[in-house]
Amino acid sequence: MLIDFFYTVKQAGVPASIKEFLTLLEAMDKQVISPSLDEFYFLSRLTLVKDEAHFDKFDRAFGAYFKGIETIFEKRPEIPLEWLVKQLQRDLTPEQKAAIEKFGYDKLMDRLKQLLEEQKERHEGGSKWIGTGGVSPFGHGGYNPEGIRIGGKGGQRSAVKVWEERQYQDYDGERELGTRNIKVALRRLRRFAREGLDEELALDDTIRATASNAGYLDIRMQPERKNKIKVLMLFDVGGSMDDHIARTEELFSAARTEFKNMEFFYFHNCVYDYLWKNNRRRHAERFPTWDVLRKYTPDTKLIFVGDATMSPYEIVQPGGAVEYNNAEAGAEWLQRFTSTFPHFVWLNPEPEGLWQYRQSIALIRQLMNDRMFPLTMDGLEGAMRLLSK
């Protein structure tokens, strides 16, 4: 019954052998696992995959073969009514969206100040007041191409400012990876160099020298291998990045394992005057960005990690940050980073097919000299290959 599964794994590019397949069947016959799809996944991967570089291929093959097997008889949950109401509130035609007025940054802030003085009650579904579910540029739960989100969660990812205190979590550096292929891709960047005193046995040279010396032991030593690569990683956290927490944590965990000389900081949406090490105390423990720029040598590899999804004002407008009035535009700070560290890339967890619909992504790509890569295995390998040059 598992022959088709075996062929599916082979067709995916995993070099599994007949002997390994028979080992899997023998383990199933001896009931070394309980009748669980999850346990069968780990058993079949253990027996059929001998190189971690093929884990991702196996995962795709396994998912394609067993797709829907656990959910085919499950009752589909009902969609809550409030979800449907909220979706209908946002369901505008392209013509209706195009007709909505854009204020511009300065006019938007002046209009908000005026409404705060005039408005006396709650509003819903309108186009003028601070409310919910409408097309007003002030409030939440509706649609406007640029606005100020007040009192709720966003959805369009185009807010110019966010009027609320935002608490973000640090990425978990102890998280166990779901796939080890990220580590494999990151290893492309590691460069080892032999330097210093002879402190390590050169086994291959010793064997060759002993063989050439008629079998008399001829010990050869070599300098210790040291990983000289230095990495500075800047992680976007919070807001739209909440959709990518799992994958970003996997990257963070893998990077901390693979790069011994790695420093990291957090930012939100775009880099400005300050960076953080701990987001729970992000307003109390801030690191001036100028200090970070001066601390590390130019040969440091710089890696930005973020979805680059924000209001364009956050990049090009002084005072455009969603949380405070920054004195200089985010673009200025990004250019300082790329000038200080010539070896840089931007890793974007947002699906590459959506990049063309995000104006902010186009701006970031331009500032990064088109060195933006998707957070996929191919994207990681491409980014590491570029940084290794």
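Let's start with V322, which sits in the loop between α12 (313-316) and α13 (330-340). Helices here are DSSP runs of H or I, at least four residues, numbered from the N terminus. V322 is buried, at 7% relative accessible area. Buried means under 20%, exposed over 50%, partly exposed in between, with a 1.4 Å probe and protein chains only. From V322 to S311 is 11 residues in sequence and 8.8 Å in space, C-alpha to C-alpha.

A word on the source. This is a predicted model, with local features needing pLDDT of at least 70 and side-chain atom pairs pLDDT 80 or more, while totals for chains, interfaces and linings use all residues. Residues are numbered from 1 along each chain as its sequence is written, and side-chain values use heavy atoms, leaving out hydrogens and water.

Next, T289, in helix α11 (residues 289-295). T289 counts as buried because its relative accessibility is 0%. Beyond neighbours within four places in sequence, T289 contacts V271, Y272, D273, Y274, L275, W333 and F337. Contact means heavy atoms within 4.5 Å.

Now helix α4, residues 55-65. Its buried residues are F55, F58, A61 and F62. They lie on the same side of α4, because they cover an arc of only 125 degrees around the axis. That arc is taken from the directions from the helix axis to the C-beta atoms. The face turned away from the buried side carries exposed R60 and A64.

Last, a helix pair. In α1, F5, F6 and V9 meet F40, S44 and L48 in α3. These contact residues divide into 5 nonpolar, 1 polar and no charged. Nonpolar covers Ala, Val, Leu, Ile, Met, Phe, Trp, Tyr, Cys and Pro; charged covers Asp, Glu, Lys and Arg; the others, Gly among them, are polar.

Methods:
Helix = DSSP H or I, 4+ residues; strand = E, 2+ residues; numbered from the N terminus.
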